[in-house]
Amino acid sequence: MSQLLWEILGWLGYLQRSAVVAQLLLILGLSVGWHLINPQRRLGNLHPALRLLVAPIAMLLIAWLIELPGGKTGLVSYAGLCWLGWNLLNLLNQLLLLLLPTSTIHQLESRLLRPLFLVLVGLNLISKFDNPADLGVIKLGSLFGEILTLNNLVIAMLVTYLLLVGTKLPAAGVAWMLQKLLSCSDSSRKALELIIRYVVIGIGITAVGFHIGLNSTALVAIAGGLSVGLGFGIKEVFSNFISGIWLLFEGSVRPGEILMVDGDPCEVRKLGLRATLLWRDRDNAELLIPNQMFFTAQATSYTATDRMRRSEIRVGAAYSHDPQLVLKILEQTALSVPRVLNHPAPRALQVHYGDSAIEYSLRYWISDPMSNIGIVSEVNQAIWTAFKREGIEIPFPQQVNTVREIPPLKSEPGAADNPPLSLH
């Protein structure tokens with residue numbers, strides 16, 4: 001490790017060269033100047049693809065002009081090429097949007113393409129100061145009795161990162177082909193995708209362990225330590241992992257399904273290996289529910305077999321109105337609301353004789369469970385309008401006070417001469 005630190009300190013000697021300092025200042029000045037001139041306004045007439053190429057090409061042109069009389073511009077040219085490559089990734093992103101969803105492209109760009117580009121730029125820059133082959137053999141220490149070199153560590157980290165980030169799209173493609181061959185459901189396809197991905201990750205990490213020199217005994221020791229950790233520290237995480245796999249295969253909780261959580265309808269957005277992401281329409285909130293909760297708590301689904309939901313509204317009408325007329329008006333009113341389904345047809349029922357009114361129940365069906373609250377409001381407004389048009393009264397509770405005379409108290413003098421009191 002000390003040898004690596006001395007090598008890094010040796011690179012700082014390049015900063016003492018006036019040519020290197022001048023190039024770094026030029027790179028900084030060109031970058032700041034480009035942002036200060038507000039290129040979005042000045043180059044608004046250019047195509048967005050050409051606008052991305054103006055700044056790096058200008059830097060490369062300046063470096064070429066300085067190099068003509070014999071100046072040194074190696075770092076400036078390298079910075080221009082890196083800037084050009086970075087902007088070309090934006091063009092690649094726009095091309096990929098024609099083939100893949102936006103969310104997938106964003107993850108691919110931010111987690112794979114741009115990090116790999118930065119790693120390649122860094123390794124190439126290091127090669128300008130030192131020999132990467134000499135750096136790779138530097139010993140960093142020992143791991144389970146095996147010498148760990150810088151080359152083995154860098155390769156192990158890169159391969160592990162690629163396994164964790166870059167296996168999603170290939171696993172999704174293989175799962176899609178298996179779905180076509182086996183004619184399985186979408187939930188089974190997602191389960192296959194996750195299983196394929198994590199099997200590949202497990203095999204890859206094992207291969208990385210053998211690459212850095214770990215033998216089978218060391219791998220068994222690591223596995224034993226992980227098992228102890230599962231038993232004591234992360235058993236909940238492991239339980240949620242197994243629950244997520246089971247839910248995917250079972251298909252009881254899948255993306256797009258509507259579940260009732262604490263009395264609110266929530267749409268399942270994503271079923272992960274640790275938790276399920278749900279969206280609540282009431283306040284546009286996203287809920288993360290551990291997968292294990294679906295095995296221990298009861299959940300109500302409105303989309304297990306179909307997406308239709310039956311809703312109910314209760315309303316009272318005065319005793320003076322014919323119940324048959326009220327039932328007919330309620331059913332016709334429900335049919336007049338656009339988002340209420342005609343089949344199955346709405347049905348009105350006389351359910352209770354209340355203190356102030358006869359209570360009726362209007363039951364109807366909707367196709368989108370997440371729109372229930374809004375449709376209830378529409379039906380209630382339609383009922384109010386229909387009752388007002390037909391002269392049907394919606395009574396409210398009333399209390400009748402009876403006047404009682406209180407006899408005078410015998411102990412009071414002249415009580416017989418006083419008139420009786422009354423309560424109003």
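This is a predicted model: local features need pLDDT of at least 70, side-chain atom pairs count only at pLDDT 80 or more; totals for chains, interfaces and linings use all residues.
Glu 236 belongs to helix 12, the run of residues 235-250. Along the sequence, 54 residues separate Glu 236 from Pro 290, yet the two C-alpha atoms are 9.3 Å apart in space.

The wider setting comes next. The protein chain has 15 helices and twelve strands. It consists of 424 residues, and 32% of them count as buried. Among contacts with a separation of 6 or more, 58% are between residues 24 or more positions apart.

Helix 2 (residues 18-36) and helix 5 (residues 74-96) have axes that come within 8 Å of each other and cross at roughly 35 degrees. The crossing of helix 2 past helix 5 is right-handed. On the helix 2 side, the contact is made by Val 20, Gln 23, Leu 24, Leu 26, Ile 27, Ser 31 and Trp 34. Helix 5 contributes Gly 74, Leu 75, Val 76, Ala 79 and Trp 83. Sorted by class, the contact between helix 2 and helix 5 has nine nonpolar residues, three polar residues and no charged ones.

Strand 3 and strand 4 run antiparallel and are joined by four bridges. Within this pairing, Glu 267 of strand 4 stands opposite Ile 258. The two strands form a hairpin with two residues between them, and there Asp 262 takes a positive phi near 55 degrees. The pairing of strand 3 with strand 7 (residues 300-301) is also antiparallel and has two bridges. Here Met 260 has Thr 300 of strand 7 as its bridge partner.

Side chains of opposite charge can pair when their charged atoms come close. The structure holds eight salt bridges. In one of them, Asp 264 pairs with Arg 282, and the closest N and O atoms are 2.9 Å apart. How do the two partners differ in exposure? Asp 264 has 16% relative accessibility and therefore counts as buried. Arg 282, with a relative accessible area of 56%, is exposed.

Another salt bridge joins Arg 280 to Asp 283, with the closest N and O atoms 2.8 Å apart. Arg 280 is buried because its relative accessibility is 15%, under the 20% cut-off. Asp 283, at 38%, counts as partly exposed.

Asn 284 is found in the loop between strand 5 (275-280) and strand 6 (285-290). Most residues other than glycine have a negative phi. Asn 284 is not a glycine, but has a positive phi of about 55 degrees. With a relative accessible area of 57%, Asn 284 is exposed.

The side chains of Glu 390 and Arg 389 form a further salt bridge, at 3.7 Å from N to O. Glu 390 is partly exposed at 44% relative accessibility, and Arg 389 is exposed at 58%.

The last stop concerns the backbone. Most peptide bonds are trans. The bond from His 343 to Pro 344, however, is cis, with omega near 0 degrees. Pro 344 lies in the loop that runs between helix 14 (323-336) and strand 9 (347-353).

Definitions and conventions:
Residues are numbered from 1 along each chain as its sequence is written. Side-chain values use heavy atoms; hydrogens and water are left out. Axes are lines fitted to C-alpha atoms, for helices over the stretch in contact, and angles run from 0 to 180 degrees between N-to-C directions. A crossing is left-handed if the near helix is turned anticlockwise from the far one by less than a right angle, and right-handed if clockwise. Contact means heavy atoms within 4.5 Å. Ala, Val, Leu, Ile, Met, Phe, Trp, Tyr, Cys and Pro count as nonpolar, Asp, Glu, Lys and Arg as charged, and the others, Gly among them, as polar. Buried means under 20% relative accessible area, exposed over 50%, partly exposed in between (1.4 Å probe, protein chains only). A salt bridge is a side-chain nitrogen of Lys or Arg within 4 Å of a carboxyl oxygen of Asp or Glu. Two strands pair if DSSP finds at least two bridges between them.
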